[in-house]
Amino acid sequence: RVDEWTDVDRKRVMNDIISTMFNKKFMEELFKPQDLYSKKALRTVYDRLAHASIMRLNQASMDKLYDLMTMAFKYQVLLCPRPRDILLVTFNHLDAIKDFISDSPGILNQVDETFRRLIETYNCFSDGEFQLIRQTLLIFFQDMHIRVSIFLKDKVQNSNGRFVLPISGPVPWGTEVPGLIRIFNHKGVEVKRAEFTTAGNYVTPQREGSFELYGDRVLKLGTNMYSVTRPVETHMSGSSKNLASQAKENTAPNPLAKEELNFLARLLGGLDVQKPAGGETGFRLNLFTTDEEEEHAAQTRPEELSYKVINIEATQEPGQQAELSRILGELEVAEPRPGSAEKGEDLLALMDGL
């Protein structure tokens with residue numbers, strides 16, 4: 001509701017979420033070499049980040065937000081002209097985030113520090129290593145075929161939830177427009193040429209996107225694809241529903257999952273999300289047109305696809321509790337928030353105060 005969603009609320013929510021997401025200790029853990037997260041672990045991290053402010057979402061809206069995020073990211077990775085452009089997509093994400101917090105120097109410095117770390121870590125990667133990253137990400141998302149209205153309207157997604165690869169437009173930087181076959185002899189000398197016609201209308205890119213802290217990324221993947229005039233809806237395709245019903249997850253805990261959640265506890269402090277304290281009632285974000293539509297979505301969503309938030313309890317083991325307290329003590333939030341200095345600046349105080 002517009003009357004409850006003020007510019008002050010919007011700025012505060014964005015500042016809280018972004019400062020939590022780009023917390024120094026959190027970023028250090030993410031940059032450590034490790035296996036790809038499971039879908040449950042990713043969802044747990046996403047839930048905690050989405051609720052790192054006074055904003056609250058119920059299960060149906062949270063599911064919808066997560067579906068939009070995963071499918072938008074899958075679309076961006078799938079349509080990257082070349083594997084190295086995954087980095088440009090990430091830079092587009094960070095450029096947009098910096099616009100949200102342009103008047104908060106402390107948080108902006110957090111994002112810039114992550115920016116510099118990305119450049120330092122990944123700029124030296126070979127094309128083969130980026131190809132491996134891209135394949136790993138696509139394998140992670142390969143069974144997710146959730147239909148999104150904005151993609152359906154733009155005809156980049158079929159009715160079954162699968163994306164359409166374009167056969168026209170700029171070719172990847174460093175490659176040539178298809179249509180010519182060169183034949184070389186054993187000495188590497190070109191001896192023959194043959195031309196062929198292509199079904200697509202390809203063009204040579206004018207320049208390469210910038211991999212620096214500031215610059216023109218050229219690539220539009222990763223920029224804002226939504227607008228207020230285009231409602232975004234997600235729908236489970238029939239094939240996805242069948243797949244979900246056939247592949248129910250085993251609810252019995254296993255040691256690997258428990259260890260992964262312990263790792264998440266170290267990342268996120270092992271804290272339950274608290275309700276707003278004091279006179280702050282917070283506000284609920286509804287991604288549907290009406291509350292009735294949201295309730296209907298929650299009732300009709302297949303149970304296998306409704307992710308349960310796992311509360312990580314770390315108070316039973318004194319040693320683990322002390323370790324978490326030490327980590328939380330180092331989670332400094334650099335940007336003070338006016339009028340709320342009593343809540344402290346580390347992640348523990350931030351989340352305890354919600």
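Is Phe151 buried or exposed, and at what relative accessibility? Phe151 counts as buried, because its relative accessibility is 3%. The legends below describe close-up views of a predicted model.

**View 1. The whole chain in outline.** The chain has 354 residues, and 40% of them are buried. Its secondary structure comprises 13 helices and eight strands. Of the contacts between residues at least 6 apart in sequence, 72% join residues at least 24 apart.

**View 2. Helix H4 packs against helix H7.** Two packed helices are described by the angle between their axes and the distance between the axes. Here H4 spans residues 59-78 and H7 spans residues 127-141; their axes come within 10 Å and cross at roughly 145 degrees. The crossing of H4 past H7 is left-handed. On the H4 side the contact is made by Thr70, Phe73, Lys74, Val77 and Leu78, and on the H7 side by Arg134, Leu137, Leu138 and Phe141. Sorted by class, these contact residues are six nonpolar, one polar and two charged.

View 3. A pair of aromatic rings is described by the distance of the centres and the angle of the planes. Nine aromatic pairs are found in a search of the whole structure. In one of them, the ring centres of Tyr75 and Phe163 are 5.4 Å apart and the planes stand at 45 degrees, so this pair is classed as tilted. Tyr75 belongs to helix H4, whereas Phe163 sits in the loop between helix H8 (149-153) and strand S3 (169-170); the two are 88 residues apart, and the pair links distant parts of the chain. Tyr75 and Phe163 are both buried. Phe163 also pairs with Phe151 in an edge-to-face arrangement, with 5.4 Å from centre to centre and 75 degrees between the planes. Because Phe151 lies in helix H8 and Phe163 in the loop between H8 and S3, this pair ties together parts 12 residues apart in sequence. The relative accessibility of Phe163 is 11%, so Phe163 falls under the 20% limit for a buried residue.

**View 4. A ring cluster and a lysine over Phe140.** Phe73, Phe140 and Phe141 are linked into a cluster by ring pairs. Lys39 lies over the face of Phe140, 4.5 Å from the ring centre.

**View 5. An arginine over Tyr66.** Arg43 lies over the face of Tyr66, at 5.0 Å from the centre of the ring.

Methods
Residues are numbered from 1 along each chain as its sequence is written. This is a predicted model: local features need pLDDT of at least 70, side-chain atom pairs count only at pLDDT 80 or more; totals for chains, interfaces and linings use all residues. Side-chain values use heavy atoms; hydrogens and water are left out. Axes are lines fitted to C-alpha atoms, for helices over the stretch in contact, and angles run from 0 to 180 degrees between N-to-C directions. Helices (H or I, at least four residues) and strands (E, at least two) are DSSP runs, numbered from the N terminus. A crossing is left-handed if the near helix is turned anticlockwise from the far one by less than a right angle, and right-handed if clockwise. Contact means heavy atoms within 4.5 Å. Ala, Val, Leu, Ile, Met, Phe, Trp, Tyr, Cys and Pro count as nonpolar, Asp, Glu, Lys and Arg as charged, and the others, Gly among them, as polar. Rings of Phe, Tyr and Trp (its six-membered ring) pair if their centres lie within 6.5 Å; planes under 30 degrees apart count as stacked, over 60 as edge-to-face and the rest as tilted. Buried means under 20% relative accessible area, exposed over 50%, partly exposed in between (1.4 Å probe, protein chains only). A charge sits over a ring if NZ of Lys or CZ of Arg is within 6 Å of the ring centre and within 35 degrees of the ring normal.
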